[in-house]
Amino acid sequence: MSDSDTVKLLRECNSGIQMAVFSIDEILEKVTDKNLYEILKKSKEKHEKLGDETHANMLAKGMSWMKTNAKVMMDDSDATIADLIVDGCNMGIKTLCRYENQYAAADDAAMKLTDDLIRLEEKLRQDLREYL
């Protein structure tokens, strides 16, 4: 077990969690379908629980804000919102899997948190399919 890998892996998880919460916050008020709203709200709450007071990744937030607002300004339908969140889930899953492999010496608790986050992203992606 490497403490350095543990810290790096947890930092990457926290960055991904904050990105997810920020992205969901940005579009939640634009959702019109009640079920979609509840799915996103519950996922945000679960992400927040996993995150627990992490530091912001300002560059990633800024990029996400620009992409989200540009797409939503052109089309603020639930399908566009679901599409944006699914893209974020895909990126998050891919990134977390890469970091999990890169920081393979991280402790079991950090690996479990990463796996929990990957499963949460996979579930949200699955739940949003009907809105695409």
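Buried here means under 20% relative accessible area and exposed over 50%, with partly exposed in between, for a 1.4 Å probe and protein chains only. The model is a predicted one, in which local features need pLDDT of at least 70 and side-chain atom pairs count only at pLDDT 80 or more, whereas totals for chains, interfaces and linings use all residues. Residues are numbered from 1 along each chain as its sequence is written, and side-chain values use heavy atoms, with hydrogens and water left out.

The protein has 5 helices and 0 strands, helices being DSSP runs of H or I with at least four residues and strands runs of E with at least two, numbered from the N terminus. Of its 132 residues, 39% are buried. Where contact means heavy atoms within 4.5 Å, 80% of the contacts between residues at least 6 apart in sequence join residues at least 24 apart.

Along α2, the residues L36, I39, L40, S43, K44, H47 and G51 are buried. They lie on the same side of α2 because they cover an arc of only 130° around the axis, the arc being that of the directions from the helix axis to the C-beta atoms. On the face turned away from this buried side, α2 carries the exposed residues K34 and K49.
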